[in-house]
Amino acid sequence: MRDSTRHALERAAELTRNNRLVEAMATAEPVIAAADEFESAEIRQWLTDHTDDFTREG
């Protein structure tokens, strides 16, 4: 996964933890939409592995 994609996902998790879901979606959606099939698989795995990043107290 590209560093820029990982950074966007990490930022989206941070925004979600801070109850800024609209901004989180605006941050993550473009990188998810632009991903090819291989990066999409890596994104799905990252999201699965980091579910707690979106829900724990920030």
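The model is predicted, with local features needing pLDDT of at least 70 and side-chain atom pairs counting only at pLDDT 80 or more, while totals for chains, interfaces and linings use all residues. Residues are numbered from 1 along each chain as its sequence is written, and side-chain values use heavy atoms, with hydrogens and water left out.

Let me start with helix H2, residues 21–34, where helices are DSSP runs of H or I with at least four residues, numbered from the N terminus. H2 has 14 residues and spans 20 Å from first to last C-alpha, close to the 20 Å expected at 1.5 Å a residue, the expected span being 1.5 Å times one less than the number of residues. At Ala 28, shortly before Pro 30, H2 has a kink of about 30°, taken as the angle between axes fitted to the seven residues ending there and the seven starting there. Ala 28 is also buried, as are Ala 24 and Val 31, buried meaning under 20% relative accessible area, exposed over 50% and partly exposed in between, with a 1.4 Å probe and protein chains only. H1 and helix H3 (37–49) are among what covers these buried residues.

Turning to Arg 17, which sits in helix H1 (residues 3–17), a polar atom of the Arg 17 side chain lies 2.5 Å from the backbone oxygen of Asp 53.

Finally, which rings pair edge-to-face? Those of Trp 46 and Phe 54 do, because their centres are 6.3 Å apart and their planes at 85°, the rule being centres within 6.5 Å, with planes under 30 degrees stacked, over 60 edge-to-face and the rest tilted. Trp 46 is buried at 6%, whereas Phe 54, at 22%, is partly exposed.

Key: Phe/Tyr/Trp six-rings, centres within 6.5 Å; stacked < 30°, edge-to-face > 60°. Helix = DSSP H or I, 4+ residues; strand = E, 2+ residues; numbered from the N terminus. Polar contact = N/O pair within 3.5 Å; in protein donor to acceptor, adjacent residues only side chain to side chain. Contact = heavy atoms within 4.5 Å.
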